[in-house]
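Please look over the sequence and the model first; the description follows.

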Amino acid sequence: MVLQGIEVDTRAYCECAMLNLIPSLESADIIEAIESGQMMDFLLQGENLNILMQCIQDNSNIDSSELNFSRLMREAEATGNIGDMDAQTFFLKSCLEGVRHQDPSGDVISDQMAKDYCQCAIDALLESDEYTFEDVMDAEDRHSDVFQKIVVPCAQEVFGVTQEAMELSTEQEGYEQSIQAVKKRGRSKAKKP
């Protein structure tokens with residue numbers, strides 16, 4: 001199947017989703033999503049979306065360094081929806097999920113602040129017309145152009161956060177992930193006879 005110029009091996013994609021997504025879902029959640037008519041919303045939230053995106057990435061022929069993000073968005077807007085939402089709403093929702101992942105309780109970032117930040121980032125990406133899909137996927141890398149020219153200005157505008165504070169937060173998060181990886185390796189070695 002070819003979608004927006006991206007060739008997808010649908011059989012391999014479906015196998016990936018079946019092997020990786022389905023086992024992670026609770027049957028009660030699936031039943032509730034079907035009964036409420038919210039199955040697409042359920043599949044496109046949080047870790048479910050991440051699994052599906054990884055399956056697309058693993059089973060498609062796409063050079064994300066050549067695929068222009070804003071052109072892809074415009075084409076998606078012109079040709080139809082992703083599930084039951086337009087492309088901007090889809091990416092807004094993905095961005096909001098990412099912000100909520102950083103602040104699950106909403107103690108620091110209110111829902112309105114998160115929405116304003118995500119809309120700022122999406123608008124800036126659409127206006128720039130210079131970033132590839134790969135650039136957008138690397139937005140969390142503090143050395144990337146998207147981080148410096150989109151993430152930082154939007155965070156400063158909406159949250160009043162300085163670039164130095166964002167870089168310190170990114171370094172701290174990387175440090176914590178490294179510690180968790182070392183602990184995990186230590187636990188797995190300890191379990192072996």
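## The packing of α7 and α9

In this predicted model, helix α7 (residues 111–128) packs against helix α9 (residues 145–159) at an angle of about 145°, and their axes lie 9 Å apart. The crossing of the two helices is right-handed.

On the α7 side, the contact is made by M113, D116, Y117, C120, A121, A124 and L125. Their partners in α9 are V146, I150, V151, C154, A155, E157, V158 and F159. Sorted by class, the residues of this contact comprise 13 nonpolar and two charged ones, with no polar residue.

## Helix α7

Helix α7 has 18 residues and spans 26 Å from its first C-alpha to its last, close to the 26 Å expected at 1.5 Å a residue. The helix is followed by D129, which has a positive phi, near 55°.

The buried residues of α7 are A114, Y117, C118, C120, A121, I122, L125 and L126. An α-helix has 3.6 residues a turn, so residues three or four places apart point the same way.

## The nonpolar core

The largest nonpolar core contains 40 residues. Within this core, F69, F91, Y117 and L125 have the most contacts. Two or more core residues come from each of α1 (10–20), α3 (39–43), α4 (46–58), α5 (69–79), α6 (87–102), α7, α8 (133–137) and α9. In soluble globular proteins, nonpolar side chains tend to be buried together.

Y117 deserves a separate description. Leaving aside residues up to four places away in sequence, Y117 touches C95, V99, V151, C154, A155, V158 and F159.

## Strand β2 and V8

V8 belongs to strand β2 (residues 6–8). Is V8 buried or exposed? V8 counts as buried because its relative accessibility is 8%, and the cut-off for a buried residue is under 20%.

V8 and S60 are separated by 52 residues in sequence, yet their C-alpha atoms are 4.3 Å apart in space.

## The chain as a whole

The protein chain has 10 helices and three strands. Read from the N terminus, the order of elements is β-β-α-α-α-α-β-α-α-α-α-α-α.

Of the 193 residues in the protein chain, 29% are buried. Among contacts between residues at least 6 apart in sequence, 58% join residues at least 24 apart.

Notes: Residues are numbered from 1 along each chain as its sequence is written. This is a predicted model: local features need pLDDT of at least 70, side-chain atom pairs count only at pLDDT 80 or more; totals for chains, interfaces and linings use all residues. Side-chain values use heavy atoms; hydrogens and water are left out. Axes are lines fitted to C-alpha atoms, for helices over the stretch in contact, and angles run from 0 to 180 degrees between N-to-C directions. Helices (H or I, at least four residues) and strands (E, at least two) are DSSP runs, numbered from the N terminus. A crossing is left-handed if the near helix is turned anticlockwise from the far one by less than a right angle, and right-handed if clockwise. Contact means heavy atoms within 4.5 Å. Ala, Val, Leu, Ile, Met, Phe, Trp, Tyr, Cys and Pro count as nonpolar, Asp, Glu, Lys and Arg as charged, and the others, Gly among them, as polar. A nonpolar core is a set of buried Ala, Val, Leu, Ile, Met, Phe, Trp, Tyr and Cys residues joined through side-chain atoms within 4.5 Å. Buried means under 20% relative accessible area, exposed over 50%, partly exposed in between (1.4 Å probe, protein chains only). The expected span of a helix is 1.5 Å times one less than its number of residues.
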